[in-house]
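Keep the structure open as you read. Find each residue in turn and look at what surrounds it.

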Amino acid sequence: MVAAAHPLIVQAGLEALSLGGNAVDAAIAAALTAAVVMPEMCGLGGDLFAIVHRLGQAPLAVLGSGVSPRGASLEQMRANGDQTPLGLRMPLRGPLSVGVPGLVDAIDRLGELGTRPLSALAERAIGHAEQGFALTPFGVAAIRMCEPFLRQNPAASAVYLPGGAVPAVGSLLRQTDLAATLKQVFDGDPRRFYEGELAERLAAGLGGALTGDDLAQHTTPVEPPIRVRYRGLDIWQTGLPTNGLIQLEAMNIAQQGGPLDPSGAEGVHRLSEAMKLAIADRVVQARDPAFGPTPLETLLSDDWAARRFAAIDPDCASDDVAGELADGDTTYLCTADGEGMMVSLILSVSSAFGSGVMAPGTGVLFNNRVGRGFSLEDDHPNQFAPGKRTMHTLNCYLVTAPDGTGLVAGGSPGGDGQPQWNLQVLSQMIDGGLDVQAAIEAPRWTVWPGTDPHDRPNPYELRVETRLGEPAIQALRDLGHRVVTTGGWGGSGAAQAIARDPATGVLAGGSDPRVEGLALGF
């Protein structure tokens, strides 16, 4: 089974499975196709994180993000930063916003767990890039929204605004330079993306602080994911530098109060207040492990969860939440095979179309993760520094039974909404007893702001889909939440999930109706 936010991504993953590949092969084929057919969300110039679970083995996390330019400086970023109503922020777009892309090397590491050659798994993506694919309404809307800054880069404009205009729904988007790059990288050694002639062209085409040496030094950690036990199940998440710890800490805090109804006002209040606390702790504590410690063991402990739960007022929403202990655009997919393997995978160029900078002749559009993620504040754990990985909004989860059986792989794009919507989908399944599709379709809420430096500080809002119902919405207002309604299906996100029945092995897929994807199996 494959679940993803675009039908062509699902098709590529199913094809890999039908030809005898395992869940990792399917995830790679799907991810490479996503890098072609959802360029506003992801691409070779972006990042990728994944959790892989093989039956009878401990899960592994692949953490594919790169560092900031080693030749840049804090002073340079401040001199070129964006002056906003909230203060000076990192340059959000352009060459200085780019970090070393992690996707290609992450796929190479994932391939070690697959069974088919990367060249075969890239064929469907290469075909869509070379021959073109039909643009969907969502794809066209993204190009239209980003048209002004895409026009600033001639290479990007030539690809996404063919003939100088926003393309029509159903028209073919061809990316012949990207097809050539995919062939060069995946028909041999993927390290060509980071070393040699192609890497030098990428760095030169960027025209910023990122250099060929930055690319050549890139590596991808593969390590155990982080975990908490929720209602007797093991919830696994991607570790640092991702926001996975927010979901886990919030779930651990919320379960301290016993059973909850995730669709009722009291349940939403408890979960959202737990989320505020977890976000606050992440903001003041988490950093690139190479630049200092993050107390993950404490933040995910039951003792800490009990202490933080005691800070939640059951009768009143908090508006000034402090982190203690202290002195994002994306797409998600998941796969499962008949042997019990499950893969949860998320990939992104950060904001829509990333930095807006494409290296001429390569088709590679670079991320803006450095500009989106770092802070310019003094003494901030996520302050910009050369050669540092920024804290990352991307994260994805996987659930196993105590005996190690894989039960659920899931996730969602959406910047700081990701850990919140992941929490809600799982709570609807575990606490609410809903099936995977119903859990994804349940009314959604979002605490804003989250961790994004471009949003902080601001007063908290609780953004709620009106399908939650007026009685519950009014009860949340009565509790002091600053409620903003978002329409019946306006809560954002593009959740995808696959659940496995541990007794029968039957797979059930769920795909978010808020986007254009689906879940299919055979």
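This is a predicted model: local features need pLDDT of at least 70, side-chain atom pairs count only at pLDDT 80 or more; totals for chains, interfaces and linings use all residues.

Begin with the inside. The largest nonpolar core has 85 residues. Within this core, Leu44, Leu48, Leu182, Phe186, Leu345 and Phe353 touch the most other members. Helix H2, residues 23–37, gives the largest share, with 13 residues. A separate core has 57 residues, and Ala250, Met251, Leu260 and Leu271 are among them.

Now pick Leu48. Leave aside its neighbours within four places in sequence. Leu48 is then in contact with residues including Ala31, Val62, Leu103, Ile107 and Leu110. Leu345, Ile346 and Leu347 are also among its contacts.

Gln175 is another loop residue. Its loop lies between strand S7 (172–173) and helix H9 (176–186). With a relative accessibility of 3%, Gln175 counts as buried. What does Gln175 touch, not counting residues up to four places away in sequence? The answer is Val36, Pro39, Ala129, Phe133, Val159 and Tyr160.

Next, turn to helix H15, residues 302–309. Trp304, Ala305 and Arg308 are buried there. Look down the axis of H15: the buried residues fall within an arc of 100°, so they line one face of the helix. What covers them? The cover includes helix H12 (244–254), helix H13 (265–285) and helix H14 (296–299).

Look at one pair of strands in detail. Strand S16, residues 461–464, and S17 run parallel and are joined by 3 bridges. Val464 stands opposite Thr485 in S17.

Now follow the backbone. Most residues other than glycine have a negative phi, and most peptide bonds are trans. Some places here depart from that pattern. The bond from Leu240 to Pro241 is cis, with omega near 15°. Pro241 sits in the loop between strand S10 (233–237) and H12. The bond from Trp448 to Pro449 is cis too, with omega near 5°. Pro449 lies in the loop between S15 and S16.

Phe353 is not a glycine, yet it has a positive phi of about 60°. Ser492 is not a glycine either, and its phi is positive at about 70°. Ser492 is found in the loop between S17 and strand S18 (496–500).

Finish with charge. The structure holds 20 salt bridges. One of them pairs Arg124 with Glu15, and the closest N and O atoms are 2.5 Å apart. Arg124 lies in helix H6 (residues 123–131) and Glu15 in helix H1 (residues 7–18), so the pair ties together parts that are 109 residues apart in sequence. Arg124 is partly exposed, at 26%, and Glu15 is partly exposed, at 30%.

Compare Arg191 and Asp105. Their closest N and O atoms are 3.3 Å apart. Arg191 lies in the loop between H9 and helix H10 (197–206) and Asp105 in helix H4 (residues 103–111), so this pair ties together parts that are 86 residues apart in sequence. Are these two residues buried or exposed? Both are buried.

Last comes a group. Arg444, Glu465, Arg467, Asp512 and Arg514 are linked in a network of salt bridges.

Key
Residues are numbered from 1 along each chain as its sequence is written. Side-chain values use heavy atoms; hydrogens and water are left out. Buried means under 20% relative accessible area, exposed over 50%, partly exposed in between (1.4 Å probe, protein chains only). Helices (H or I, at least four residues) and strands (E, at least two) are DSSP runs, numbered from the N terminus. The arc is that of the directions from the helix axis to the C-beta atoms. Contact means heavy atoms within 4.5 Å. A nonpolar core is a set of buried Ala, Val, Leu, Ile, Met, Phe, Trp, Tyr and Cys residues joined through side-chain atoms within 4.5 Å. Two strands pair if DSSP finds at least two bridges between them. A salt bridge is a side-chain nitrogen of Lys or Arg within 4 Å of a carboxyl oxygen of Asp or Glu.
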